[in-house]
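Welcome! Please take a moment to look over the structure below, and keep it in view while you read.

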Amino acid sequence: MLLSEQAYKLIDRELAKFPADQKQSAVMAALAIAQDEKGWLAPEVMEAVAKYLGMAPIAVQEVATFYNMYNTKPVGKHKISVCTNLPCALSGGEKAAEYLKQKLGVDFKDTTPDGRFTLIEGECMGACGDAPVMLVNNKRMCSFMSNDKIDALVEELKR
């Protein structure tokens, strides 16, 4: 088995939320569980999820490549998504992104040489009033990201 027994138990819990003939409805949750365990979604991991859910592998890959919360290539220990959509851009999102690029020494879609950070440009995170907004590892929302707050976040994540 490519995933751990614990991961399959978590996927089974998600499957229980849907009718038995609609297992594919749990694909997003199953991909998130697999990614949490493996760090990214290698082709063989997506294939294992597809097999477990009774789906065509291409259908699982389509989901994984459509949403930027899924990593279809290895990423750093901390993936930081910076919202640069219009409301965030007008409220300092692009400036925050430029500051973070300079601080980390990488561009969007790049990983720092030490493997700690991957920086990506994110789509709307639904927190326009908190701009500029960043999301760490798809789980932690960071709001009102000034240069000082970015410095503190990077230092915290380095520990």
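What follows is a short tour by topic, from the sheet to the helices and then to a few single residues.

Keep in mind that this is a predicted model. Its sheet is open and has five strands in the order 2-3-1-4-5, with mixed pairing. Strand 2 and strand 5 (140-142) are the edge strands, each with a single partner strand, so one side of each has no neighbour in the sheet.

**The sheet, strand by strand**

- Strand 1 (residues 78-83) pairs with strand 3 in the parallel sense, over six bridges. To see one of these partners, find V82, whose bridge partner in strand 3 is E121.
- Strand 2 (residues 110-111) also pairs with strand 3, here in the antiparallel sense and over two bridges. T111 stands opposite T118 in strand 3.
- Strand 2 and strand 3 form a hairpin with five residues between the strands. In this hairpin, G115 takes a positive phi near 75 degrees.
- Strand 4 (residues 134-136) and strand 5 run antiparallel and are joined by three bridges. Here L135 stands opposite M141 in strand 5.
- While you look at the strands, remember a general rule: in a regular strand, side chains alternate between the two faces of the sheet.

**Helices that pack on the sheet**

- Helix 6 (residues 93-104) packs on the sheet and touches strand 1, strand 3 and strand 4. The direction of helix 6 makes about 150 degrees with that of strand 1.
- Helix 7 (residues 147-158) packs on the sheet too, touching strand 1, strand 3, strand 4 and strand 5. Its direction makes about 150 degrees with that of strand 5.

**Helix 3 and its neighbours**

- Which residues of helix 3 (residues 43-53) are buried? They are V45, M46, A48, V49, A50 and L53.
- These buried residues pack against helix 1, helix 2 (27-38) and helix 4.
- As you trace the helix, here is a handy rule: an α-helix has 3.6 residues a turn, so residues three or four places apart point the same way.
- The axes of helix 3 and helix 4 (residues 57-66) come within 8 Å and cross at roughly 120 degrees. That angle makes helix 3 oblique to helix 4.
- The crossing of helix 3 and helix 4 is right-handed. Where they meet, helix 3 brings M46, E47, V49 and A50, while helix 4 brings P57, V60, Q61 and A64.
- After helix 3 comes G54, which has a positive phi, near 70 degrees.

**Aromatic rings**

- How many aromatic pairs does a search of the whole structure find? The search finds three.
- Y8 is buried, with a relative accessible area of 8%, whereas Y52 is partly exposed at 26%.
- The rings of F66 and Y67 have centres 4.8 Å apart and planes at 85 degrees, so this pair is edge-to-face. F66 is exposed, with 64% relative accessibility, and Y67 is partly exposed, with 33%.
- F66, Y67 and Y70 together form one aromatic cluster.

**A closer look at T84**

- You will find T84 in the loop between strand 1 and helix 5 (86-90).
- Is T84 buried or exposed? T84 has a relative accessible area of 12% and is buried.
- T84 and E94 are ten residues apart in sequence, and their C-alpha atoms are 5.6 Å apart in space.
- Setting aside neighbours within four places in sequence, T84 is in contact with A89, G93, E94, A97, F108, E121 and G122. One of these, E121, is also the bridge partner of V82 in strand 3.

Definitions and conventions
Residues numbered from 1 in each chain as written. Predicted model: local features only at pLDDT ≥ 70, side-chain atom pairs only at ≥ 80, totals over all residues. Heavy atoms only, no water. Pairing = 2+ DSSP bridges. Helix = DSSP H or I, 4+ residues; strand = E, 2+ residues; numbered from the N terminus. Phe/Tyr/Trp six-rings, centres within 6.5 Å; stacked < 30°, edge-to-face > 60°. Buried < 20%, exposed > 50% of the residue type's maximum accessible area, 1.4 Å probe, protein only. Axes fitted to C-alpha atoms, helices over the stretch in contact; angles between N-to-C directions. Parallel < 35°, antiparallel > 145°, perpendicular 65-115°, else oblique. Left-handed = near helix turned anticlockwise from the far one by under 90°. Contact = heavy atoms within 4.5 Å.
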